[in-house]
Amino acid sequence: MLNVIRTSVYAGRLGITVLALVTAATALSFFAGTTTAQKRQPARHGVICGNPNVPCRTSATFPPNDLPFRIPAKTNIFDTDLFYAVILKSVSVPDENCDTFIPESDRLEAQALFAARKVFSSRCADPGGLSYTNTRPKTRFMAVYAGMTLAEANKMLATVKASGKYPAASVQRMRAAFNGT
């Protein structure tokens with residue numbers, strides 16, 4: 001009789017254990033389904049239009065000094081993947097003064113020198129305009145798009161330095177960010 005009692009206690013415990021496992025498995029499958037449905041999609045970023053001789057199909061209109069990239073229609077805020085630029089020239093701006101920036105004539109001169117790569121310059125970040133990450137807020141710069149890899153950037157830096165026009169040029173990794181709100 002003692003064996004029967006032990007067996008029924010064991011069977012009872014086993015039954016509870018099996019019930020707990022089934023309940024846990026059901027809960028996990030429910031939550032796993034919820035988690036999968038709520039998984040974040042990988043962030044999409046705009047493709048940079050780095051060659052000014054090739055039209056850029058985008059929903060935004062960029063002024064000549066900006067680095068254009070593809071922005072989907074009906075998008076208010078969008079940015080690019082990280083990319084490399086060669087900083088050609090920069091100026092310090094006291095108190096984030098929006099009237100100080102690299103003149104457009106300087107940008108056009110550099111654009112003529114590097115015809116197949118977009119030369120762009122930073123300005124104050126206004127709604128509907130671009131800003132650039134990984135840059136100093138009290139500095140305005142002029143740069144040439146140098147590609148998506150460090151190898152491309154170093155090659156572009158060598159080209160820039162060989163021109164003799166920008167001896168202090170340096171490589172900078174950044175994003176362009178659009179705020180159309």
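**Overview: helices and strands along the chain.** Helices (H or I, at least four residues) and strands (E, at least two) are DSSP runs, numbered from the N terminus. Counted that way, this protein has three helices and seven strands, and reading along the sequence gives the pattern α-β-β-α-β-β-β-α-β-β. What you're looking at is a predicted model, where local features need pLDDT of at least 70, side-chain atom pairs count only at pLDDT 80 or more, and totals for chains, interfaces and linings use all residues. Residues are numbered from 1 along each chain as its sequence is written, and side-chain values use heavy atoms, with hydrogens and water left out. Of the 181 residues, 30% are buried (under 20% relative accessible area; exposed is over 50% and partly exposed is in between, with a 1.4 Å probe and protein chains only). Take the contacts (heavy atoms within 4.5 Å) between residues at least 6 apart in sequence: 71% of them join residues at least 24 apart.

**Close-up 1: the largest nonpolar core.** A nonpolar core here is a set of buried Ala, Val, Leu, Ile, Met, Phe, Trp, Tyr and Cys residues joined through side-chain atoms within 4.5 Å. The largest one has 19 residues, and F69, F83, F120, Y132 and M174 have the most contacts inside it. In soluble globular proteins, nonpolar side chains tend to be buried together.

**Close-up 2: M174 and its neighbours.** Leaving aside residues up to four places away in sequence, M174 touches D81, L82, F83, A85, I87, F120, Y132, T133, N134, T135 and F141.

**Close-up 3: strand β5 and its partners.** Strand β5 is mostly covered, with nine of its nine residues buried. Two strands count as paired if DSSP finds at least two bridges between them. β2 and β5 pair in the antiparallel sense over eight bridges; look for S90, whose bridge partner in β5 is F141. Strand β3 (residues 119-121) also pairs with β5 in the antiparallel sense, over three bridges, and here F120 stands opposite A143.

**Close-up 4: V160 in helix α3.** V160 belongs to helix α3 (residues 150-162), and it counts as buried because its relative accessibility is 0%. Beyond residues up to four places away in sequence, V160 touches V86, L88, F114, V144, Y166 and A169. S170 is 10 residues from V160 in sequence, and their C-alpha atoms are 9.4 Å apart.

Close-up 5: Find D66 in the loop between α1 (2-38) and β1 (77-79). D66 is buried yet has no salt bridge (a side-chain nitrogen of Lys or Arg within 4 Å of a carboxyl oxygen of Asp or Glu). R123, the nearest side chain of opposite charge, is 7.2 Å away; Lys and Arg count as positive and Asp and Glu as negative, while His and the chain ends are not counted. Not counting residues up to four places away in sequence, D66 touches K118, F120, S121, L130 and Y132.

**Close-up 6: D95 out in a loop.** D95 lies in the loop between β2 and α2 (104-113), and it counts as exposed because its relative accessibility is 69%. P137 is 42 residues from D95 along the chain, with 9.4 Å between their C-alpha atoms.
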